[in-house]
Amino acid sequence: MAINVLLADDHLMLREGLKNLLEIDGEIKVIAEANDGFECLNLINKKNPDVILLDINMPNLDGLQVLNIMKEQKMNYKVIVLTIHKEIQYLIQALDMGCQGYILKDSDSTTLKNAIVEVYNGETYIEPSLTPLLNSSLAERDVMNDKLNDLTKRETEVLKLVASGLFNKEIA
């Protein structure tokens with residue numbers, strides 16, 4: 001039985017190429033294609049895909065907005081973000097919003113197919129070239145959390161007030 005995939009990308013030629021590459025051996029079937037975030041959300045409900053390949057840069061609703069809506073509506077689908085963005089903040093944001101995979105568009109078709117199979121089987125797949133950046137970023141986040149935990153109750157309160165934009169006189 002084939003893994004049913006929904007492709008969401010605003011570039012028709014890319015979708016056509018991906019569909020041909022993915023379906024070549026019969027293990028994966030593209031059951032729907034979306035041109036933007038709204039169409040993607042509509043097709044998710046209609047087609048019930050096993051895995052969603054989701055671009056970040058799309059018109060109307062971008063991929064991160066789609067992920068956010070899916071999270072808010074508790075739509076439990078397996079999502080792989082397929083993107084050009086190598087910046088760690090996109091990866092962390094996508095993971096925080098519940099995606100199970102993150103792969104770059106310059107990956108080869110074998111890597112993409114492996115990512116789809118792994119995510120379908122309940123694993124998480126992160127583009128190997130981004131793993132060191134992710135580990136470094138998570139380590140920094142842990143250090144920051146440790147520092148925040150060392151603050152007194154009043155220091156935490158003042159920090160929140162400063163972050164909300166209040167002036168020193170207002171905080172005092």
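Asn60 lies in the loop that joins strand E3 (51–54) to helix H3 (63–72), where helices (H or I, at least four residues) and strands (E, at least two) are DSSP runs numbered from the N terminus. This is a predicted model, in which local features need pLDDT of at least 70 and side-chain atom pairs count only at pLDDT 80 or more, while totals for chains, interfaces and linings use all residues. Residues are numbered from 1 along each chain as its sequence is written, and side-chain values use heavy atoms, with hydrogens and water left out.

**Loop residues with positive phi**

- Asn60 has a phi near 65 degrees, a positive value in a residue other than glycine, and Asn60 counts as exposed at 55% relative accessibility (exposed means over 50% relative accessible area, with a 1.4 Å probe and protein chains only).
- Lys74, in the loop between H3 and strand E4 (78–83), is not a glycine either, yet has a positive phi of about 55 degrees.
- Lys74 is exposed, its relative accessible area being 65%.

**Helices H3 and H4**

- The axes of H3 and helix H4 (residues 88–96) come within 9 Å and cross at roughly 20 degrees, the axes being lines fitted to C-alpha atoms over the stretch in contact, with angles running from 0 to 180 degrees between N-to-C directions.
- H3 and H4 are therefore roughly parallel to each other, a term for angles under 35 degrees.
- The contact (heavy atoms within 4.5 Å) is made by Leu64, Leu67 and Lys71 of H3 together with Tyr90, Gln93, Ala94 and Asp96 of H4.

How values were computed:
Buried means under 20% relative accessible area, exposed over 50%, partly exposed in between (1.4 Å probe, protein chains only). Angles under 35 degrees count as roughly parallel, over 145 as roughly antiparallel, 65 to 115 as roughly perpendicular and the rest as oblique.
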